[in-house]
Amino acid sequence: MSRRASLPGASELFRLTSSPATPALERPSVPAPAEPVAPRSKPSAPADTDQLARNAARSGSGRTKHDAKITVYVSGEELLAMEQARLNLRAKHELVVDRGRLVREAVAVLLADFDQRGEESVLVQRLRSDAEDGGTEG
């Protein structure tokens, strides 16, 4: 007789259920994204259309399944600041977000600013000041 305990397999643990008694396990319905509407005073040029498409893609993806993953190393101080922001969002704004969502939104905001302002964007200014200070990232 084996001394090993008999445990359920992964397929049994993570199977989808349709029981109404477990509403927390049901998948949330995802509303269709709204089309961005921007007032135009002149006919749109192809460059404007490209810009709008990039800006529309620059919103955080929220709670969806993501196919790509990156690993980013941060300092203890940066991680603490991120956790404090996350807790502040929960306490003062009633927004419960995880670190991944916070990072995706921050990246989306920075990239949208970069697309819109270019040379004057926060991203360019910070990277330029880092380069002038001799900071290297890699």
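This is a predicted model: local features need pLDDT of at least 70, side-chain atom pairs count only at pLDDT 80 or more; totals for chains, interfaces and linings use all residues.
Residues are numbered from 1 along each chain as its sequence is written, and side-chain values use heavy atoms, with hydrogens and water left out.

Let's start with the overall picture. Of the 138 residues, 7% are buried; buried means under 20% relative accessible area, exposed means over 50%, and partly exposed is in between, using a 1.4 Å probe and protein chains only. The accessible surface comes to about 12600 Å², and carbon and sulfur atoms account for 57% of that. Those areas come from the Shrake-Rupley method with a 1.4 Å probe, and for residues only the protein chains shown count as cover.

What about contacts, meaning heavy atoms within 4.5 Å? Taking pairs at least 6 apart in sequence, 38% of the contacts join residues at least 24 apart.

Now, salt bridges. Side chains of opposite charge can pair when their charged atoms come close. The rule here is a side-chain nitrogen of Lys or Arg within 4 Å of a carboxyl oxygen of Asp or Glu, and the count comes to five.

Which residues are linked in a network of salt bridges? Those are Glu83, Arg86 and Arg99. Arg86 and Glu83 have their closest N and O atoms 2.9 Å apart, and both sit in helix α3, three residues apart, about one turn of the helix. Arg99 reaches Glu83 too, at 3.2 Å between the closest N and O atoms. Arg99 lies in helix α4 (residues 99-117) and Glu83 in helix α3, so this pair ties together parts 16 residues apart in sequence. Arg99 itself is partly exposed, at 42%.

Helix α4 also holds Arg101 and Glu105, four residues apart, and their side chains form a salt bridge at 3.5 Å, N to O. Arg101 is partly exposed, with a relative accessible area of 27%, and Glu105 is partly exposed at 27% as well.

Last stop, the surface. Ile70, Val72, Val74 and Leu79 form a nonpolar patch with about 370 Å² of accessible area together. Patch residues have over 30% relative accessible area and no salt bridge; like charges are joined within 9 Å, and nonpolar side chains (Val, Leu, Ile, Met, Phe, Trp, Tyr) within 5 Å. Val74 is in the loop between α2 (46-57) and α3 (76-93), and is partly exposed at 39%.

Terms used
Contact means heavy atoms within 4.5 Å. Helices (H or I, at least four residues) and strands (E, at least two) are DSSP runs, numbered from the N terminus.
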